[in-house]
Structure formats: structure tokens, C-alpha cells
Amino acid sequence: SEKFTSSLPDMKAPTGVPKDFAPHVRLMYDLMAVAFQSDTTRIATLLTAHDGSNRPYPVVGVSEGHHDLSHHGQDPTKLAQLKTLEIEKMKTLAELLAKLKQTDEQGQSLLDRTMVFFSSNLGNASNHSTRNLPVLLAGGGFQHGQHLAFDPKSPPPLCNLYVSMLQRMGIPTEKFSSGTGPLKGLELV
């Protein structure tokens, strides 16, 4: 295997777990980036909020819990707070992606060599719908800068995305769980 030769980032050790959830997630993303950069691991999973979690985001002025806000019933006040919370989550994810993109690893960005999958278990939490899940895939040498929209009445199985990811890792498979093959429209660079 190839030896990693980049220097590690100059980073202060954390002084504990942040009380607010947004800085906590940011810290976990920082640790993931350092783990990839140092070649400590090539696989990381982070569950940012389990089903039913009701953590507020006071750092961005959201005092209600995420779970309560997700059951908005189209209430404009709840929707506005949910939007603020979700924008903060995406900004935090964007920071991780930027760190990976700015990190060189053997002539490529670490993002190009890392698949980042971000999603939710619900498409519409207000009615607990598991259809039309919001899914983001970044990096990994795939062609990005596109939104793949599928027929909501007959979407491909999410496992088709997993088949594409497995194939990208060099695992020769055409099926995974309910998958029927690689995800159509997701191409390599």
C-alpha cells in the first residue's frame, strides 16, 4: 500500500465535548478529516441525530428541538426555524468538504479520494415518509455538480447508490440488498 507523506494540520486538542450540538458536530467532522489525512482510517460513520433527537441549535438562534420542528405541520414559524437549523447543518458539512478538498494527498485532493454520503432517514419527517429521501454524495471521483431527480412514483432503490459506491471502492458487485445495479446517471470523472 502507498505510504501517506503529507504533514498533519496544526490543530489544538479539544478541551472537551461542546455543549451546543452544532460545535459538537463541527468537532467530530474535524476529527474525521484528521483521521483521513493521517491515514488512521479510511472509513468513518457519524450519526448526527438519532430518530427522535430533540436537540436545539441555540448557536444559530433555534431554541426548539429538531424533532419538534421536523413535525412542523406546515407551520410557518416552525418551518423558518427548521430552515435555519438545516442551513447550519449544511454549512457545517460544507466546511468538512472544503477541508477535504484543500488537503492534498499524493497529487489529488482528499475529497477526490473520499466518498462523503450525507442523508436522512425520512423524506418528509412531518408525516414520517421514507420516500424521496434527501441524499448528498460528494467526492470519491464521481461527476458532481448535478442533481439527479428520479420519478417519485418509481424511484430506483437507494441501494443502487451503494452499489455504485461499492464498485468505486473496487468491489465487483452488481447487487446490494434491494439494489438492482449501479445508480443510473452517477458517473465517474
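Guide: Here is the helix pair, followed by the rest of the chain around it.

Keep in mind that this is a predicted model. For orientation, the protein has four helices and four strands, and from the N terminus they run α-α-α-β-β-β-β-α. The crossing of H1 and H3 is right-handed.

Now for the side-by-side detail. H1 brings Ala22, Val25, Arg26, Tyr29, Asp30, Ala33 and Phe36 to the contact. From H3 come Glu88, Thr92, Leu93, Glu95, Leu96, Lys99 and Leu100. If you sort the residues of this contact by type, you get eight nonpolar, one polar and five charged. As for the spacing you can see in those lists, an α-helix has 3.6 residues a turn, so residues three or four places apart point the same way.

Glu88 is worth a stop. This H3 residue has a relative accessibility of 11%, and buried means under 20%, so Glu88 counts as buried. Leaving out residues up to four places away in sequence, Glu88 touches Ala22, Arg26, Tyr57 and Val60. Ala22 and Arg26 belong to the H1 side of the contact. Tyr57 sits 31 residues from Glu88 along the chain, and their C-alpha atoms are separated by 8.8 Å.

Gln106, in the loop between strand S1 (104–105) and S2, has a positive phi of about 50 degrees although it is not a glycine. At 36% relative accessibility, Gln106 counts as partly exposed. His128 has a positive phi as well, near 60 degrees, and is likewise a residue other than glycine. You'll find His128 in the loop between S3 and S4.

Those two strands, S3 (115–119) and S4 (135–139), are what the buried residues of helix H4 pack against. H4 covers residues 159–168 and is mostly covered, with seven of its ten residues buried. The buried ones are Cys159, Asn160, Leu161, Val163, Ser164, Met165 and Leu166. After H4 comes Gly170, with a positive phi near 90 degrees.

Stepping back to the whole chain, 32% of its 189 residues count as buried. Among contacts between residues at least 6 apart in sequence, 45% join residues at least 24 apart. The C-alpha trace spans about 55 × 50 × 25 Å along its principal axes. The protein exposes about 12,000 Å², and carbon and sulfur atoms supply 55% of that area.

How values were computed:
Residues numbered from 1 in each chain as written. Predicted model: local features only at pLDDT ≥ 70, side-chain atom pairs only at ≥ 80, totals over all residues. Heavy atoms only, no water. Left-handed = near helix turned anticlockwise from the far one by under 90°. Contact = heavy atoms within 4.5 Å. Nonpolar A, V, L, I, M, F, W, Y, C, P; charged D, E, K, R; others polar. Buried < 20%, exposed > 50% of the residue type's maximum accessible area, 1.4 Å probe, protein only. Areas by Shrake-Rupley, 256 points an atom, 1.4 Å probe, with all protein chains shown as cover.
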